[in-house]
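Please look at the model first, then read on.

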Amino acid sequence: MHSWLVRINVILAVAVVLAIASVSCGSEEVAAELTAVSWGEVTEPASAVPSATPYLAPTATETPNLIRVSEKCDCLYAQSIDEMFEDSSVVVFGRVLDVVDHVDMASFGGRSRKRYDLGRVYEIEVAEYLRGDGPETITFVQSEAHFVYQELTEEALAEIRESTADYKKVVPKKDKDYVFFLRKWHLGPIHLTPATQPYRILFTSGKGIVEGNARDAAWGFAEADAESYWAELRELQERFAP
């Protein structure tokens, strides 16, 4: 009897939360998306839309009706350099020149127009193709921050584009040596996108450091001598040569 009462109380509590969300957002469309709300310590604006995922609590922004959220990465995790190479259609050694564009990856994916997934587009100067071929400079896009909004104003868009990435290690450094493991982005054929998580190796001070743009993407990879990584990469380059 007691367990049934607890279940009834939980159901009533969820119903109250959804009702409040519907009123505060002023939009049935937005309220319908909030079937799995994760409430956290959120300051003004009070009418902003809460997170639609249960991963991390939403965070208030400077812009009214705009809330930053974090999402789990729905991606393929590689357990070795071998897997990273095999899952990639393009593997390049090169350097990031700059960020050249911003795109809403949610709109490409056909998701709700009340969501904005910030994708930053990076230009790479290619020194060598280890797999595949192409021009001397290429671009790739990666997801870096996630938002929900009630109205996408110019003010909101400006704040989104100036936002920092979800995690510090997400952003590749300019003018540093990397090997990138990429594939064609099926939602936007102009740019490439990370083939796996993790998706790059930073070479610095004689070391190779595996990195990605998802939380704990490279947890299973230890820092190693650059020579050992390059020996493995050359073997894979020969194995997957056309």
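## Strand β6 and its partners

R183 has T193 in β7 as its bridge partner. The model is a predicted one. Strands β6 and β7 (residues 192–194) run antiparallel and are joined by three bridges.

Strand β6 also pairs with β8 (residues 200–204), again antiparallel, through four bridges. Here D177 stands opposite F203 in β8. Five bridges join β6 to β3 (residues 90–104), and these two strands are antiparallel. V92 is found opposite F180 in β6.

## Salt bridges

How many salt bridges are there? The count is nine. One of them joins the side chains of R68 and D166, at 2.9 Å from N to O. R68 lies in strand β2 (residues 66–69) and D166 in the loop between α5 and β6, 98 residues apart. R68 counts as buried because its relative accessibility is 17%, under the 20% limit. D166, at 23%, is partly exposed.

D98 and K174 form a salt bridge as well, with their closest N and O atoms 4.0 Å apart. D98 belongs to strand β3, while K174 sits in the loop between α5 and β6. E144 pairs with R120 at 2.6 Å between the closest N and O atoms. E144 is in strand β5 (residues 137–149) and R120 in strand β4 (residues 115–131). Is E144 buried or exposed? E144 is buried, with a relative accessible area of 1%. R120 is buried too, at 9%.

K168 is located in the loop between α5 (154–162) and β6 (177–184). With a relative accessible area of 81%, K168 is exposed.

Key. Residues numbered from 1 in each chain as written. Predicted model: local features only at pLDDT ≥ 70, side-chain atom pairs only at ≥ 80, totals over all residues. Heavy atoms only, no water. Buried < 20%, exposed > 50% of the residue type's maximum accessible area, 1.4 Å probe, protein only. Pairing = 2+ DSSP bridges.
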